[in-house]
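Me: I have a structure to read, and I want to know what the labels rest on. Can we go through it term by term?

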Amino acid sequence: MLSPGQRVELDTKRNQNQDDLRALQKDRSLSEDVTVCFKSMFIKMLHPQTKGMIGKDQDHLDKEIDKLGKQFKVEISRLFGAKSKPELKGYNLNLLNQDELKALKVILKG
């Protein structure tokens, strides 16, 4: 059984990564090293290397959150099946990807 705390924990990490990436983008000195905290250690890393590492972590978190969401949907379906209730309508909707979102914006603008 999934715990709701898993999703919250991953979302918190993802939000922190987004904040970190924004801070790195505001920092214009690409040639300088960046100090990064890993648990209880501070390490100096190159600016581009740091952005790449955070970006990879962000991709991993996105995949994990998506996986948890899919598992959660399966568990909810099982629960409703066990209670002999019909499946929730609209519950199996998926988020639009970037291309679909852009196309929708074009359509809505007219």
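This is a predicted model: local features need pLDDT of at least 70, side-chain atom pairs count only at pLDDT 80 or more; totals for chains, interfaces and linings use all residues.

Me: What makes lysine 13 and glutamate 9 a salt bridge?
Reply: Their closest N and O atoms are 3.6 Å apart. The cut-off is within 4 Å, for a side-chain nitrogen of Lys or Arg and a carboxyl oxygen of Asp or Glu. So lysine 13 and glutamate 9 form a salt bridge.

Me: Why is lysine 13 called partly exposed?
Reply: Its relative accessible area is 42%. Buried means under 20%, exposed means over 50%, and partly exposed is in between. So lysine 13 is partly exposed. Glutamate 9, at 47%, also counts as partly exposed.

Me: What about arginine 22 and aspartate 19: how do you know that they form a salt bridge?
Reply: The N to O distance is 2.8 Å. The limit is 4 Å, so the pair qualifies. Arginine 22 and aspartate 19 are 3 residues apart in helix H1, about one helical turn. Arginine 22 is partly exposed at 45%. Aspartate 19 is partly exposed at 40%.

Me: What does the salt bridge of aspartate 62 and arginine 14 tie together?
Reply: Their side chains meet at 3.2 Å, N to O. Aspartate 62 lies in helix H2 and arginine 14 in helix H1, so the pair ties together parts that are 48 residues apart in sequence. Aspartate 62 is partly exposed, at 32%.

Me: Which residues are linked with them in a network of salt bridges?
Reply: The network links Arg7, Asp11, Arg14 and Asp62. The whole structure has 7 salt bridges.

Me: Why is lysine 70 called exposed?
Reply: Its relative accessible area is 51%. Exposed means over 50%, so lysine 70 is exposed. Lysine 70 belongs to helix H2, residues 47–82. From lysine 70 to leucine 95 is 25 residues in sequence and 12 Å in space, C-alpha to C-alpha.

Me: Now the strands. How do you know that E1 and E2 pair?
Reply: Strand E1 covers residues 33–38 and strand E2 covers residues 41–46. They share 6 bridges in the antiparallel sense. Pairing needs at least two bridges, so E1 and E2 pair. Valine 36 has isoleucine 43, in E2, as its bridge partner. The hairpin has 2 residues between the strands, and lysine 39 takes a positive phi near 55 degrees there.

Me: On to helix H3. What makes its length close to the expected one?
Reply: H3 has 12 residues and reaches 17 Å from its first C-alpha to its last. At 1.5 Å a residue, 16 Å is expected. The two values are close.

Me: Why is H3 called hardly covered?
Reply: The count of buried residues among its 12 residues is 0. Buried would need under 20% relative accessible area. Leucine 104, in H3, is partly exposed at 35%.

Key: Residues are numbered from 1 along each chain as its sequence is written. Side-chain values use heavy atoms; hydrogens and water are left out. Helices (H or I, at least four residues) and strands (E, at least two) are DSSP runs, numbered from the N terminus. Buried means under 20% relative accessible area, exposed over 50%, partly exposed in between (1.4 Å probe, protein chains only). The expected span of a helix is 1.5 Å times one less than its number of residues.
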